[in-house]
Number of protein chains: 2
Amino acid sequence: MNLHGKSLLAGVLGQPGVKTFRAMNPATAVALEPDFHEAAMEEVSRALEAAASAFATYRTCSGADRAKFLEKIATEIEALGDALLQRANAETGLPLARLTGERARTCGQLRLFAQVAREGSWVDARIDPALPDRQPLPRPDLRRMLLPLGPVVVFGSSNFPLAFSVAGGDTASALAAGCPVVVKAHRAHPGTAELVGGAVTRAVAACGLPAGVFSLVHGGGSTVGIAMVKHPAISAVGFTGSHTAGRALFDAAAARPHPIPVFAEMSSINPVFLFPGALRERGAAIAQGLLTSFTLGVGQFCTKPGIVFAVRGPETDAFMAKLGELVRAAPNATMLTSGIRDSFQENRAKITGVAGVQPLAAGAAVADAAKTEGQPSVATTTVKDFISHPALATEAFGPFVLVILADQLADFAAGAAALEGQLTATFHATAADSAGVRPLLAALEQKVGRVLLNGFPTGVEVCHAMNHGGPYPATTDVRFTSVGTAAMLRFARPVCYQALGEELLPEPLKNSNPLGLLRLVNGQPTRDPIS
Amino acid sequence: MNLHGKSLLAGVLGQPGVKTFRAMNPATAVALEPDFHEAAMEEVSRALEAAASAFATYRTCSGADRAKFLEKIATEIEALGDALLQRANAETGLPLARLTGERARTCGQLRLFAQVAREGSWVDARIDPALPDRQPLPRPDLRRMLLPLGPVVVFGSSNFPLAFSVAGGDTASALAAGCPVVVKAHRAHPGTAELVGGAVTRAVAACGLPAGVFSLVHGGGSTVGIAMVKHPAISAVGFTGSHTAGRALFDAAAARPHPIPVFAEMSSINPVFLFPGALRERGAAIAQGLLTSFTLGVGQFCTKPGIVFAVRGPETDAFMAKLGELVRAAPNATMLTSGIRDSFQENRAKITGVAGVQPLAAGAAVADAAKTEGQPSVATTTVKDFISHPALATEAFGPFVLVILADQLADFAAGAAALEGQLTATFHATAADSAGVRPLLAALEQKVGRVLLNGFPTGVEVCHAMNHGGPYPATTDVRFTSVGTAAMLRFARPVCYQALGEELLPEPLKNSNPLGLLRLVNGQPTRDPIS
């Protein structure tokens, strides 16, 4: 498949750029064809303005029309066939099987958001009809629903080149909510971005939507990104990546003359608490599950378990022995980019360099830098050291886990108290452990976005009940999820119509309830029309 | 009723302060007894830490318990009887009839939030049960609901000494959501604040809640306020007041190591568009309605209509003649504080000083500075001048309105395009005007939080469908309302529980649905238990 290497600006190819770059194949350290052209700032501005102009039309599209558009994007992505998977594999080193699954998730989530947009009740319609005879004052007719917020800038993530990139969760939820999207392509997979961007662009045209509903921008680093966030045409930002970059975007957005929300999903070490009963009952299985989880995707998941608490004792000794054995046998694998590999090694060294941290085990093979390999490893420390050395809470984004040993179960609470905001917290416990679980659960549900029992946090289900978020620094806005259907709520805002009358009211609020929505009428949920 | 003049810090009176201040009676310019003591910063910190500590308990209270607490606050406020109204009247100059109505609104909204908390479905419970046999991967059991965010700092407003102050909408919605509250009392009505704060404190004790659930702090100006917003114990901020103060709080919160949301409701000029058909049909009634609305509460409402667009023509001439006549006959009235009166006069002068602005009419009596009087007035300008002079969009918080004349109906769009974010926009139109209303409605619903037809924006109904909010600079967070039951959503965040099991799950998520909530199960709303 031929790649043109240009930005896709409201349906039009960008100009050849002054600066170009190439994707690298991390498995071979070879640069891939073709050159990608960085968009000039005036091209980026044009894309943002086209999004603002398209918003005037796109915001009024029905949920059914948005649904068709999202479904068409999914079909167009599938129609790219193996070429997409092969390019993504070459650019990321992720195996084809994983990318096949990720493509299914990407198209699945587009179709799930389509369902929610088509059904329509997500707009949270509320109607308090007029009470003309109320004393001392009549009540006017009041009706409220969520409307789309405006154009959204999405920064694709490196670690999900399909599911959290050009047509990933942020884009799908913004489009479903009625917001045009301008994607800043991740520089590690520009070809994958171009292919998916082409699919979205074709879907825009096929659905007869204004071209400005979607643009894809190739650009250099943070300067373009900050400029996009500061642009007056933009109403919100979706981002997945590092804390440093996410915070810079948040700060830029907060400092605007008119601040806008930034949904940055940034960093998490996803603590796991292993209770003695669980380790006694199935310590080997937990070791196996943990290995799978922290090496999945070469440890490059936001939800990778980075720290594991356990209480000293024979069951923990057996667990650690098993874990060590598994880690020594675990193969190296190609990481996404050499930069990510360098950061991983640096952050791991920052952790293992703290006095009192002991190596437990590492993969037997030496990691090959020419293949951008990450080597699985595990180290141990104590709760006391974890609390006194904040460096031990560094996120090492890659296949590494730190086991933190407690002298007694009560030390789990102190370890939990030392944690910053996280995406997830996990417990492995049996019924016998439940007295210890309850207080820890109460403490941790205040610090995390998702609590798991007897599972592992990697593998984020896309569904209605998912919450992928958490207190800062896990994200910049604890009130919202970036995965699952509630992600649409990030890109919407309420508007109230007072005494507007049936003819002028939007469909979701008309007396007849033509869309059959579940609405709150006088505070009671109902699909009945207003009589 | 004796006032002690101290802060109420988690149920304990504050210490005598180094600095004291008194309330002024704006109607007499006489200082009122007693001295109020500014809390020392260490006292403020103690209150904030007590709130954080109380949160551990209060967050686990059932909706029914929170409801009883809110209802008890309402009862305690009512039990203060006339003494509360008299003090509020002395401190604000607002008439007793208005204050009686405002007390009813305050207690009514406490009871409405109690209803919502007791019913419980507001937590937006979502359950996607396990699919153990799903291919290629099983789905774990996932359940999500909203939990309270954490301690909230509330800054009482000057213009609603009851309904948007110590036990007003921000406090009631935060408490209903499960968040302790620390109120910074407004310095213009410290005695009213003390009385209401005492009522809340008694309700805390009567309900057996931890004392830290509520504190009331008297303090000096912005230094204490900024320090409160920066305090690590705090999770969110509610504020109603000026743009300058609101933005300062927002900036301080955004610059925290861990940023927190600030819900600042700041400034709005609430445009009104008068269509020719409506003016022909009932121009005199509109003039009377406008006068009532812009002089209500001496023009000191966030939703006061500050600008009115009309198309030149005989019906507009007649309307202006009527409006002028009404304004000339309108009495002066006491404003809330001399500072607010000074700002009003300054901002009005800023508007009327722009070249091309013509006075239309003013109240016949001279405003008496010793009675802190505001004088009703109206001026006129043109759409062209309005667009070219941003100063004409200044909010003059008081009884003033600017009529903006258009040469033709099409100029309304240009006027609307020049507007910043607003709380409300109002249309007066007949069926004959509807072709002109539609495009303007589409433009304005993107700029405002509430759209009204043939009414006036003052008088914000407290109900489920209200939205009191809007794009910046009307508020700092367009995604939320500060009035109505949806205001609770500001102070909550989602948490997801994965495979937690019936015993550990919170009540709203248990299989049996013991609270009878409306929940989203597999994406379908139902009150049925999970079988």
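This is a predicted model: local features need pLDDT of at least 70, side-chain atom pairs count only at pLDDT 80 or more; totals for chains, interfaces and linings use all residues.

Trainee: Which strands stand at the edges of the open sheet, each with a single partner strand?

Mentor: The sheet is open, its pairing is mixed, and its 12 strands follow the order E25(A)-E24(A)-E7(A)-E8(A)-E23(A)-E22(B)-E21(B)-E14(B)-E15(B)-E20(B)-E19(B)-E17(B). A strand with a single partner has one side left without a neighbour in the sheet, so the edges are strand E25 (524–526) of chain A and strand E17 (358–362) of chain B.

Trainee: What is the average twist from one strand to the next?

Mentor: The value refers to the open sheet of 12 strands with mixed pairing. From one strand to the next, the twist averages 25 degrees.

Trainee: Where the sheet passes from E23(A) to E22(B), which residue stands opposite Tyr497(A)?

Mentor: E23(A) and E22(B) pair in the parallel sense, over three bridges. Tyr497(A) belongs to this pairing, and the residue opposite in E22(B) is Val451(B).

Trainee: On the other flank, which residue of E22(B) is the bridge partner of Gln422(B)?

Mentor: Strand E21 (residues 422–428) of chain B is joined to E22(B) by five bridges, and the two run parallel. Gln422(B) has as its bridge partner in E22(B) the residue Val448(B).

Trainee: How many residues of strand E22 (residues 448–453) of chain B are buried?

Mentor: In the sheet order, E22(B) stands between E23(A) and E21(B). The strand is largely enclosed by the rest of the structure, because the buried residues number six of the six.

Trainee: Which element supplies the largest share of the side of chain A that touches chain B?

Mentor: The contact takes 49 residues from chain A and 49 residues from chain B. Elements that each supply at least two residues of the chain A side include helix H8 (243–254), helix H14 (434–444) and strand E22 (448–453). By class, that side has 10 charged, 11 polar and 28 nonpolar residues. Its largest share, six residues, comes from E23(A).

Trainee: How does the radius of gyration of chain A stand against the globule rule?

Mentor: Chain A has 14 helices and 25 strands. For 531 residues the globule rule gives 24 Å, so chain A is as compact as a globular protein of that length, with a close radius of gyration of 25 Å.

Trainee: What percentage of the contacts in chain A with a separation of 6 or more comes from residues 24 or more positions apart?

Mentor: Of the 531 residues of chain A, 60% count as buried. Among the contacts with a separation of 6 or more, the share from residues 24 or more positions apart is 76%.

Trainee: Is Gly225(A) buried or exposed?

Mentor: Gly225(A) lies in helix H7 (residues 221–230) of chain A. Beyond neighbours within four places in sequence, Gly225(A) is in contact with Phe155(A), Lys184(A) and Leu249(A). The cut-off for burial is 20 or more other C-beta atoms within 10 Å. Gly225(A) has 23 such neighbours, so this residue counts as buried.

Trainee: Is Asn522(B) buried or partly exposed?

Mentor: Asn522(B) is in the loop between strand E24 (519–521) and strand E25 (524–526) of chain B. Although not a glycine, Asn522(B) has a positive phi of about 50 degrees. Because 14 other C-beta atoms lie within 10 Å, Asn522(B) is partly exposed.

Technical notes:
Residues are numbered from 1 along each chain as its sequence is written. Chains are lettered from A and ligands numbered from 1 in the order in which they are written. Two residues are in contact if their C-beta atoms, placed from the backbone, lie within 7 Å. Helices (H or I, at least four residues) and strands (E, at least two) are DSSP runs, numbered from the N terminus. Ala, Val, Leu, Ile, Met, Phe, Trp, Tyr, Cys and Pro count as nonpolar, Asp, Glu, Lys and Arg as charged, and the others, Gly among them, as polar. The radius of gyration is taken over C-alpha atoms; the globule rule is 2.2 Å times the number of residues to the power 0.38. A residue is buried if 20 or more other C-beta atoms lie within 10 Å of its own, exposed if 12 or fewer, and partly exposed in between; C-beta atoms are placed from the backbone. Two strands pair if DSSP finds at least two bridges between them. Axes are lines fitted to C-alpha atoms, for helices over the stretch in contact, and angles run from 0 to 180 degrees between N-to-C directions.
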